[in-house]
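Open the structure in your viewer and keep the selection tool at hand. We will go from stop to stop, picking out one part at a time.

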Amino acid sequence: MSPRARTLVYVVAAALAVALVLALPLGEYLVKLLLQAASYAIAVLGLTVLLGYTGQISLAQAAFFGLGAYGVALGTTTLGLGFLAALILGLVVATLFGIALGSSTLKLGGHYLAMVTISFQQILTLVLTNWISVTGGPDGIRNIARPHLPGIDFENNQVYLAACLALLFAVGGLVALLKSRRLGLAMQAVRDNELAAGVVGINTFRVKIIAFALSALLGGLGGGMFAGAFRYISPDQFAFDDSVVLLTMVLLGGVEAAIGAAIGAGLLILLPEWLRFLKQFYLAVYGAAVILIMVFLPAGIWGLFSRHRVWKPAAPIGPLELDIEAAAGTLLSVRGLAKHFGGVRAVDGVDLDIAQGSVHALIGPNGSGKTTLLNVLSGIYRPTAGSITLNARAVAGLAPHVLAAAGIGRTFQNIRLFHSLSALDNVIIGAERPGSGIAHRAAATARALAALGFVGMAERAGELAASLPYGHQRLVEIARALAGHPVLLLLDEPAAGLNLTEKQELVELLKRLRGHGLTILLIEHDMDLVEQVADRITVLNFGRHIADGSPAEVLRHPEVIAAYLGEVPSHEAA
Amino acid sequence: MKLLELDAVAAAYGAVQALQSLSLGVAKGEIVALLGANGAGKSTTLRAISGLLRPTRGEIRFEGAPIAGMHPERVVRLGIAHVPEGRRVFPGLTVRENILLGASNRRASRAQLGREADEMYEIFPDLLRLQGALGWTLSGGQQQMLALARGLMAQPKLLLLDEPSLGLAPLIVQQVFRVIARIREQGTTVLLVEQNARIALSVADRGYVLETGRLVTEGSPGELWDNEEVRAAYLGGKVTKAA
Amino acid sequence: MTVLLQLLFQGVGIGAVYALVALGFVLIYRATNVVNFAQGQFAVVGAYGMVVTTADLGLPYWLGILITLAVMALFGALFNLGVYYPLRNRSFLPVVISTIGASIFITNIILGVYGPEPSMLAPMLDAPGISLGNLFLDAQYLTIIAVTLALVALQYLFFEHTLLGKRMQAVSQDKEMASLLGIKVGWMIMLTFIYSAMLGGIAGILVAPILFVSVGLGGQIALKAFAATIIGGFGDVPGAIVGGIAIGVIETFGAYYISVPYKDAFAFIVLFAFLLLRPSGLFGEKVSQKA
């Protein structure tokens, strides 16, 4: 099914569902349950974006739900606003708090983030409970208004439910669409491998803030609809336990897909109803169910049904445009570069000049600081001292995504692909780096396919990155860097783990890249490979460079032989 | 009978096949070197032997008994000590505590352990004055010595060493390898993974060369170095006629 | 001045309870790298253990304490087997959710049996306390402080002077290496859960007579103990104790001088400040390693 056809089917199904809700005689009790499920599902979709797509935990979704609800409640009662104006007020407040919470991810992740969100949740609950003059305190707020539209009787619960469902379908569709858009891919890249995401040009901090903002917005939207639905709210509906419930919903349904939110919300609203026969113990069973879900359904219910579909590219694949304006002179110049970790001087005063269009190899024993140097050049580490100049621009200490935008592309020694995405999506993310000159998705896809074709991987574009064999993952990683149209390509041990045939193919690939005028800095242990492709070699040992020159000179340098290459061993043990 | 035998062992990390049908043997009293490029499967081999990684196929026998898939806590009780890559010294424990914990695979009184730890300072004199220092404060060379001492406290019949030269200055590397030679003299068999083929072959009796999880060739140090193709492709020693 | 000292005494007393729960957090975190969100419920189980044994069954106090501690040990073991162990090889999120599930489970089992009304317990000691001039040192609070001090000292001796303690430390620092040395990692983690549950239980036993025993107790204590661990520096044992006592003192003073309804908010405000300004906590990361 084409995307267009799929959208059509979705819209028709949504319209049908809404029409059914309007037409069928649903009991008042069922309508209330469905109202609750629909408004919760909207909030859970926020968690799909935040946790599912972006991999950030939040235990404060009920707080955002509450902000939206109190926005509508206070707006339509105390402030005398219309429903829509009050809802927008709630959404703005929720989103602002979402952004504030998201900014804490600059420094924090994992448990700390969980703690920040819990704290926010607790403080909000305390404020809602104790700021009685504004929020009404534990008694809550009554007589919340619903929207007024001529010709539509929102006062009828079933009509209001239809509106909630329509909104849920709209938001769900948008969240599903987001997944394959540029922002959605960037979010998944941050989730799968934050380090690599930065290096391919994604401003990871910004993406995380947007994810928090969207999540808060959807939380607020769900809360606003909830307030309108029940016309009465109180602080205990938006407490920590409810945040847990929302989180459980998204995990139960499946975090990977928007539909998971609907499944999870629907099920957990209905489940307690089905468990009513257990009387006072039904919530205990619910808690046990949460544990069992975690143990037996790691990908949620939707995870049981969804499977990555492998496809092969159909359209003819164009050639990869790589050519760089031929310019003489030095592309990258490094002076006195140092990176210390506590007392360890991993890089200790390195000078390096890389000529335009050359292949420059960096060799040295394991632990000599080569990878650290690459990490400094690509912005993963801030240098302790020294300067880096790229095309006459001082770039030392810039963030990875800024350096990527300046044209530095790289691969990693232990391959860092976005493992849950297809090979093509990995490379599309590379193609969409800021400054690559790609304006829209069609162009990015064409370029990504071309890059995959260039490394000989076009056939496997539709496979999941994690399922590719090692050698192919390396090639996909190189394609991801190439698709960003870099001016300088940093390769960290590209031959590691390759067999002889694959190594020979790599040599050919590197030669072709050099033929296109691409400048390459290469870390490699395989001297045979280095000798075949390198124009120049720099040798590092103990974070300092010990030799520099053409392969012929360097490989004969006595200090290099002693420190690294070695001679035929004498058999008197040292 | 060989002390250790691997028979068609295969191992994988998730979808990535790291070892494909590797067979090798280590006789009692030998130092055997496993050589090859990064990613060739050398460390994986050691991890499969010590039980950190369960082989997907194949047999591993130690003193004739199968050990493939056995938990590391049991493997070390049989007499195989694994000193992994990066030393893995416990950063928040002192040097002496690190050494004492090396004997966790066997029963011994606290006093007995204390005496054995003192003996370690004879082999590793540098550690004596550092015995109260926390692990993370040690330099790379000191950490390597500590990791070796901790490995020896297990009183292993077979010592698995992963990249003992990693990140050490040439002088320190020589010291480390002198200790390795001495360990063998005292009767411990050593299986050594090294990227630095030159130094490894200087102490080894035999070497195996791996490529992408497969055995390429094996032989005595002399044989391996005399084979120009092997040397060029796998041992990193491209320079044949040093000027 | 008297008021100040009186508040300080009370703050340290309640803070000691937070410290005990925080200690349980830290130990489990160091052994498993997972934050146990059900740690507060351990205290609740301990408190209800006392309700069952002394109030319901009418057993003497000392016997109630012994039985409760034994139950806590068993409970810790079951918790490990049911909640952590099946998920030990997964990332932190599923385990965190699993402990949250456990917390819901425990809360509602107790709620199902005892209902939401708080239970009352007789005081642990007959003596009301000691008067020092105008200062009144309540016996309950004195007991809490004394027990906490004793436990901290015992734990210090255990970790610093026994080989078993060293093995548990080794497991918390590098599980793979520990198993390579022959340390029984699974068993060490089991011991950690058992001990941690007993610590939580003791906290519950100690607060049972001074607060009303209810299921809501766990959530509040747990969140403050969390805050304490972060203020002290995550994973740091002395930090957890100092952090716990700091939180106790801050909220006692805050409640007296600023606002009673917002008493519970002070801990979180301090926590926020620490998270944003000094996430490594008071004692920072002691073990620094190359990235």
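Start by selecting strands E4 and E5 of chain B: E4(B) and E5(B) form a hairpin with two residues between them. In the turn, look for B:Glu63, which has a positive phi of about 50 degrees. Helices (H or I, at least four residues) and strands (E, at least two) are DSSP runs, numbered from the N terminus. This is a predicted model, in which local features need pLDDT of at least 70 and side-chain atom pairs count only at pLDDT 80 or more, while totals for chains, interfaces and linings use all residues. Residues are numbered from 1 along each chain as its sequence is written, chains are lettered from A and ligands numbered from 1 in the order in which they are written, and side-chain values use heavy atoms, with hydrogens and water left out.

E4(B) covers residues 57–62 and E5(B) residues 65–66; two bridges join them, and they run antiparallel. Two strands pair if DSSP finds at least two bridges between them. Select B:Arg61 and you will find B:Pro66 of E5(B) opposite.

Which residue of E4(B) is the bridge partner of B:Asp7? Select B:Glu59 to see that partner.

Next, show chains B and C together. Their contact (heavy atoms within 4.5 Å) takes 24 residues from chain C and 25 residues from chain B. The area buried between them is about 2,200 Å², with carbon and sulfur atoms giving 60%; buried area is the accessible area (1.4 Å probe) that two parts lose on being put together, summed over both. How many salt bridges are counted between chain C and chain B? The count is four, where a salt bridge is a side-chain nitrogen of Lys or Arg within 4 Å of a carboxyl oxygen of Asp or Glu. To view one of these contacts, pick B:Arg88 and C:Glu176, whose side chains meet in a salt bridge at 3.1 Å, N to O. On the chain C side, helices H6 (163–173), H7 (175–180) and H8 (185–207) are the elements that give two or more residues. H6(C) gives the most, with six residues.

Now switch to chains A and C. Here the contact takes 40 residues from chain A and 45 residues from chain C. About 3,600 Å² is buried between these two chains, and carbon and sulfur atoms give 80% of that area. Select A:His111, A:Tyr112 and A:Met115: they supply 19% of the area that chain A buries against chain C, more than any other three residues. Across this interface the rule finds zero salt bridges.

For the last stop, select strand E9 (residues 536–541) of chain A. E9(A) and E10(A) form a hairpin with two residues between them, and A:Phe542 in the turn has a positive phi of about 55 degrees.
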